[in-house]
Amino acid sequence: MGRLPEGAPDGSPDGLTVFQGMYIFIPWNVILGTGGIIQFGRALELSPSQQLETNMTSRRGFLRVVGTSAVILAAGGVGLTQCDPMPEEAVAAWKGPAPSVKDPRVRALSFALLAPNPHNRQPWIADLREPGAITFLCDRSRMLPETDPYSRQIMIGCGAFLELLRMAAAEQGYRAEIAAFPNGDWPDNTVGDQPVCRVAFVADQSVARDPLFAQVLKRRTKRGAYEATPVSAAEAGGVEGVLNGLPVRFGWTGEPGAMNRLRDIARRAWVIEVKKDSTYLESVKLFRITGPEIAKKRDGLSFHGPFFWWMNALGLVSKETAMAPFARQQAVDLIEADLKTPAFAWIVTPVNDRRAQLAAGAAYARATLRATEMGLSTHPLSQALQEFPEMLPLLAEHKRALGLPAGDTVQMFFRLGRATPGEPAPRRPLTEIIRS
Ligand SMILES: Cc1cc2nc3c(=O)[nH]c(=O)nc-3n(C[C@H](O)[C@H](O)[C@H](O)COP(=O)(O)O)c2cc1C
């Protein structure tokens, strides 16, 4: 495994010393770490040859970075490190619905939209025109065609959404009767414009409340380094226990040899995704850089804090600079923090149709809520599961490394361990997903 610079516990220098000496900005760490400048400011110390390369490839940019560092240090010195926080309105959904919201369907949707979902695309439409029911559709303008060519991950996000919807309905004394594909299945490997499901809200005071519901507002995807403390068999068993009854299998490991093999595959998969223009560009287009853009879009991958604010103001961090070879190489290197995990876990289905993908989404939602309940963090690493052609050999190798037959589908592969909680991810306002 590549060595990270000395410094903070995860091997990163602390947020302010980052900018002293020969450190340089790494855009991708916004994706890998969330929070304030300390996490966002993670950087790599450049070797002499890298410094030379930097000077040669982007001398002007480099000089501006060094100059900017002084400005940011000065800003920190005069108390501006709080500038460019996560906009409150972008994360308001994490407070739950206002008491003034009375329609049980709308209340339930307010929780459902907090579901984990790939690239935070939130591809959800809830049609409320039929009283007492929700017709749930997948928003085809929010797909990930390069990294998720068959929309498998998108469907997992939909499954997670429906599981939270079901829990939130039960909490209010409604049984959510979910009928998948009521107007017929979509053609293979496509997302149609027919509904994913119709959800009838049936009043039933005897419906079982789900204890996991208490974690919905607390759950976060946590990126960056995790503590080395092992995950116990009892903890992994606790996660597996909440998947009973779903048509999925759960696996996990913390065994050092297996962990190293899986880290190596995750690293190579990451390189493939970042080095291919179209797959990396798909993520870059979803970069939301600084508070105003985050507040406007409320989806995608958030970059904020004083560091990004200054870099953006100086033209050094933007969607265009992120595609430059130097920035991309740094993005490649930054996977190392995400490989610091004491355990990996995975969710597998024997078939890979739309219903199985929805079930995998429900399973992942439940697994991550149970982990939250136990004080554990989770973070999917999906690169090796992606079905674009260049990834397929690694997808097969990954499955073999997990000891699975070729016919199985690894729907989710994620880190499990202890870490300081991450910040909430933005959500679009409910009004944007409701049709009434
Ligand atoms: C199917 C699926 C795949 C995902 N893959 C990744 C991934 O490869 N890397 C990552 O950092 N997060 C991944 N995530 C997490 C999402 O980015 C995250 O759920 C989203 O940004 C919203 O943030 P939240 O979970 O904190 O609410 C994935 C989530 C789902 C449901």
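A residue is called buried if 20 or more other C-beta atoms lie within 10 Å of its own, exposed if 12 or fewer do, and partly exposed in between, with C-beta atoms placed from the backbone. By that criterion, 48% of the 436 residues in the protein chain are buried. The model is a predicted one: local features need pLDDT of at least 70, side-chain atom pairs count only at pLDDT 80 or more, and totals for chains, interfaces and linings use all residues. Residues are numbered from 1 along each chain as its sequence is written.

**The whole chain.** Display the protein chain as a cartoon. Its secondary structure comes to 15 helices and 13 strands; these are DSSP runs numbered from the N terminus, helices being H or I of at least four residues and strands E of at least two.

**The core.** Select Ala112, Leu164, Leu165, Ala345 and Ile347, which have the most contacts inside the largest nonpolar core, a set of 104 residues. Such a core consists of buried Ala, Val, Leu, Ile, Met, Phe, Trp, Tyr and Cys residues joined through C-beta atoms within 7 Å. Helix α5 (residues 152–171) supplies the largest share of this core, 12 residues.

Next, centre on alanine 345. Neighbours within four places in sequence aside, alanine 345 is in contact (C-beta atoms, placed from the backbone, within 7 Å) with Ala236, Val239, Phe250, Gly251, Trp252, Phe414 and Leu416.

**The ligand.** Select the ligand and its surroundings. A shell of 18 residues surrounds the ligand, the closest being Pro116, Asn120, Thr221, Ser382 and Ala425; a residue is near if its C-beta atom, placed from the backbone, lies within 6 Å. The elements that give two or more residues to this shell are α5 and β11 (377–380). Helix α5 gives the most, with four residues.

**Helix α14.** Select residues 354–373. The 20 residues of helix α14 should span 28 Å at 1.5 Å a residue, and the end C-alpha atoms are 29 Å apart, which agrees; the expected span is 1.5 Å times one less than the number of residues. Of these 20 residues, 18 are buried. Glycine 375 follows α14 and has a positive phi, near 80°.

**Aspartate 333.** Finally, select aspartate 333, in helix α12 (residues 325–333). Aspartate 333 counts as partly exposed because it has 18 C-beta neighbours inside 10 Å.

Note on methods:
Contact = placed C-beta atoms within 7 Å.
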